[in-house]
2 protein chains.
Amino acid sequence: MENATQQQEQEKETVKQHLRKVTDLLDKLQLEESLVYKQRMPRHELIESLLHKRYEVKLKQMLELMRPADIAYILEALPLDKRLMVWGLVKAEHEGQILLDVSDAVRETLISDMEPDQLLSAAEQLETDEIADLAPDLPIEVMQDLLESLNEPHRQRLESVLSYDEESVGALMDFGMVTIREDLTLKAVLRYLRRLKKLPEHTDKLFVIDRDHHLKGALSLKSLLLNNTKKRVADIMETDVVSFKTDDEAMEAALAFERYDLVSAPVVDSDNRLVGRICVDVIMDFIRQDSEEEILNQAGLEEEEDLSSSIWKSARNRWTWLMINIVTAFAATRVISLFEGTIMHIVALASLMPIVAAIGGNTGNQSGILIVRTLALGQVTESSLRRMFFKELGIGLLNGIVWGTAVGGIVYLIYGNPGLGFVMAAAMFLNLLVAALMGVTIPIVRYKLGRDPAIGVSVLITFLTDGMGFLIFLGLATMFLL
Amino acid sequence: MENATQQQEQEKETVKQHLRKVTDLLDKLQLEESLVYKQRMPRHELIESLLHKRYEVKLKQMLELMRPADIAYILEALPLDKRLMVWGLVKAEHEGQILLDVSDAVRETLISDMEPDQLLSAAEQLETDEIADLAPDLPIEVMQDLLESLNEPHRQRLESVLSYDEESVGALMDFGMVTIREDLTLKAVLRYLRRLKKLPEHTDKLFVIDRDHHLKGALSLKSLLLNNTKKRVADIMETDVVSFKTDDEAMEAALAFERYDLVSAPVVDSDNRLVGRICVDVIMDFIRQDSEEEILNQAGLEEEEDLSSSIWKSARNRWTWLMINIVTAFAATRVISLFEGTIMHIVALASLMPIVAAIGGNTGNQSGILIVRTLALGQVTESSLRRMFFKELGIGLLNGIVWGTAVGGIVYLIYGNPGLGFVMAAAMFLNLLVAALMGVTIPIVRYKLGRDPAIGVSVLITFLTDGMGFLIFLGLATMFLL
C-alpha cells in the first residue's frame, strides 16, 4: 500500500523533477568544460576526464528510465547546446518516437544534428503514418533511402499518405486498424486477438469489413467483453458508425470527434472501402495546432518559435507582418497630410485623431473575430449571414451613440470647446459604424469567395478604420470648425 | 454491400442535411403563421390548422431519429424563435444531454424557456458530474429541488464536484470508473463485467484498488482481452499509471493527456484513494475552450457570443474592452498635447507619429504573445527566462536597425527633409526597443508575481508603446528640428 503510494508520488513528479536534474547535470558538465577551457586543455582530454565521464553516465542512466514523451518535453525546454548534448545521449531506439513528439522548431534542430544513416535508422523504427509526419523535415536523400528500404505495400501506403492535403483526414489517419469479418463468432474473434498478442494504441473498436474491404460496421471492445462469446459479430456490431473519407476536411473530423466523443473512427475511400483509421490523439494535436496557428496569426506571427532558434530566424518570422504594417500605416496616415492646413489651425486635432482611429480598429476587430469564428464552425446559412450582418451593424450603432456621446463629452470637458466635442462625437459615431461594417463584410466576402475568412482580416480592418477614422474626423473638423 | 454503403452515405450527410430540412420546415411553419396572422385568424386556430400540424409532426419525426449531439448542433445554428420552436418538440428524455452539448450562450436561452419542473426532470436524467456542469446555469430553486431529489452518496458527490476550482482536475472528473481488486483472475473480472452489462463511455481500462480504495494500478481492456483468463489481475496490471489529484491544474492534466496519448486516467485524493476518473472528451473540450478564451481575450471579448443573443447583450460583452481602450487612448495621446507647439511648426509630424506608435504596438504584442505562450507551457527555468529576455531585446535591436533605417529613408523620400528622416529612423529604433522590452517584461513580471501572464498584456503593451512612441518621436523632433 505504502509502496504503491510512493510509486504514484514518484510518477507524478517525474517530468519536472527530471527537467531540473538534467539541467543540473548539464550545468556541471558545462562548468567543468569552461574551467578546462580556461586551462587550455584540449577538448578530447576533457571528454576523457573522469569527472566528465561520471556526469555523463549519470545523465544517460536517467534518460534510459524516462519515457520518450518526457525526453521530448525536456529537449524542448533546453537551450540549443544543452539540447544537443542530451540528444547525443538518447538511446537510438527512442530517437524516432522523440522526433515525432517534439515541436516542429525543435525537430529541425535535432535533425540538422543527425547523420543521414542515423536519421534513416530512426525513421525505420516508425509506422508508415508516423514517417509521413516526419517526411517534410527529412533531407531528400534520407527520404529516398527510406522509400527504398520499405517493402512494396508499405511504400505505397507512405506515398498515398504523403499525397493527401495537409488539412485532410487522409493526412491524419494511421493504419493501426484491426479488421474482422461479420460472420465470425465472438469466440473466434477473441482467439484471433490473442494470436495477434498486441493491439495498436487507441483500439477501442474493431472494424468489420467484407471480402472486398468494404466497411460494414464496428465492434467495440466493450461489446466484445460484455456479450456471450457464442454470438456472431453481425448480431452485435454497430452499423451506423461515424466514418470519414480520406479527402474530408480534418476540421470537420475534429468537430465530429468532439460532437460524438469518439476515440477512433474508420477512414474509407470513395467506394466505402476501409483504408485507415483516425484516432483522438491525432485529433487533439490537430485542434491544438489549429488554435495555436489562429492565436499566432492574430499577432502576425507565421509560426511558433523555438526558444533557442536564432535571433535572425525569429526576426524574419515577424517581418512579413512588420512590413505589411509599415505599408498600411503609411497609407492610412497619408490621409492626415491632406488636412495639414486644418491641423495648423486647430492643433488639438493632432492629439484627438489617434483616439478615433484606435477605437475604430479595436471594435472592428472584435466584430471580425466573432464572424470568423462563426464561419469556421460552419453553422451558417444565407439567413444567418444576414442576421449577423444586421446584428453587428446594430451593435455598431448602439456603441456609436453611447461611446460617441461619452467621448464627445470628455473632449468638451478637456478643451471647453463645444464644437470640438461635437465633431469628436460625430466622428466616433461614424467610425464605429464603419468598423462594424468592415468587421462583418470583409470576412463574409472572403468566405463567399471560397477563401479562408480569417487571413488578413485584422490587417485590413485596422487599415480601413485608421484611414477612415482620420478622414472622418479631420473632414468633419474642416467642415465645421474652420 | 450496397446497402451498407448507402447507410454510410446517409450517415455522413446527416447533420448538415438535417439542418437544411429543419430550417425548411420551420420556414414553412412561419410563412403559414404570418399568412394566418394577416387574415387575423386567432392563434389557437392556427395551431389547430391541419397544415401546421402536418409540418410539426414531420419535424418531430425527424428530431426523433437524430442523436442528441446533432440536435444540439442544429439548435445552435438556428435563430432564437426557431430554436425555441424546435426545442419544444424535442423528446423529454434527450433534453438533459442536449443541454450539456450546446454552448453556454445557447444553453442559457434554452433554460430560460423551460419550466422549473421540466428542468428538474431533464437534470435528473444526467450523471452527477454532468449535473455539476449544468449547475452554474440552473436557477437556484431547481438546484435545491435537485439536491433534495438525489440520494445521499450522489448528493455528496455533486457537492464535492461543485466545490472544486473550475480550472482543476476535480471539476472535470466523472465517476464512471469500473474498479476491481488485484487478487481476481481475469476470468472473474470478465464474469463481473458481463454482470454489469454496460461499461461507461471511454472505458479503456479498469482501475485496480485495494480494500481502502487506494489506487494500485490499472488493467486495460486490451490486456484483459489478450491474456489467458487464468492469470490474476496483479500479474498483468500496469502499476505506473498516470494519475491526477483532484486539485491538480486542469491544464497540466491536458498536457499530460497529449504527452502520453491517454483516453482515461484515474483521479485520486491526497491519500492516493481513487475518487474519480478523467476522460479525453472532457480534456478535448477543455483545450478547445481554453484556446477559444485566449483568442477571444486577445480581441478583448469576454465570452463567445451566441448568434441570436440580443444586440444589447452582445454590446455589453464588448464594453469593458472599449472603455479600457478609450481610457488608455486618451492617456497615451495626452503626450501629444505637450508637443502642440512643435506640431504647429512642423505639421508633417502629425501624420508620421501614428506610424511610430502603431509599429511599436504591433511588435511589442508579438513578443508578448510568444512569451505568454512559453510561460503557459511551463517549460521555464530561471535561465530560460533570461534567455528569452535577451533574445527579444536582440530581435528588437535588429528590427530597430533594419526597419528604422527603412522607414527613415521613406520619410526622407516623401518629405525631402533629411532631418525629419533621421528623427523618424531614431524614433522607430528606440520605440521598437521599448516595445521588445515591454513585450517581455510585462508577462514575466506578472508570471513572477504568480498572476496569469496573459491578462491585460496587450492593452498595457499598446498603451505604453503608443505613449512612448509619441513621446520619443515628438521629443526628438523638438530637440533636433526646431
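Helices H19 and H24 of chain A are roughly parallel to each other, a label given to angles under 35 degrees, whereas over 145 is roughly antiparallel, 65 to 115 roughly perpendicular and the rest oblique. The model is a predicted one, where local features need pLDDT of at least 70, side-chain atom pairs count only at pLDDT 80 or more, and totals for chains, interfaces and linings use all residues. Residues are numbered from 1 along each chain as its sequence is written, with chains lettered from A and ligands numbered from 1 in the order in which they are written.

Helices (H or I, at least four residues) and strands (E, at least two) are DSSP runs, numbered from the N terminus. Axes are lines fitted to C-alpha atoms, for helices over the stretch in contact, and angles run from 0 to 180 degrees between N-to-C directions.

| Pair | Angle | Axis distance |
|---|---|---|
| H19(A) (residues 319-338) and H24(A) (residues 457-481) | about 15 degrees | 8 Å |

Residues in contact have C-beta atoms, placed from the backbone, within 7 Å. Among those meeting here are A:Ile324 and A:Val335 of H19(A), and A:Phe463 and A:Leu474 of H24(A).

Now to chain B. Its strands E4, E5 and E6 form, in that order, an open sheet with mixed pairing; two strands pair if DSSP finds at least two bridges between them. E4 (244-245) and E6 (274-279) of chain B stand at the edges with a single partner strand each, so one side of each has no neighbour in the sheet. E4(B) pairs with E5(B) (residues 264-268) in the parallel sense over 2 bridges, and B:Phe244 has B:Val267 as its bridge partner in E5(B). Helix H17(B) (residues 280-298) lies across E5 and E6 of chain B, at about 60 degrees to E6(B).

Technical notes. Two residues are in contact if their C-beta atoms, placed from the backbone, lie within 7 Å.
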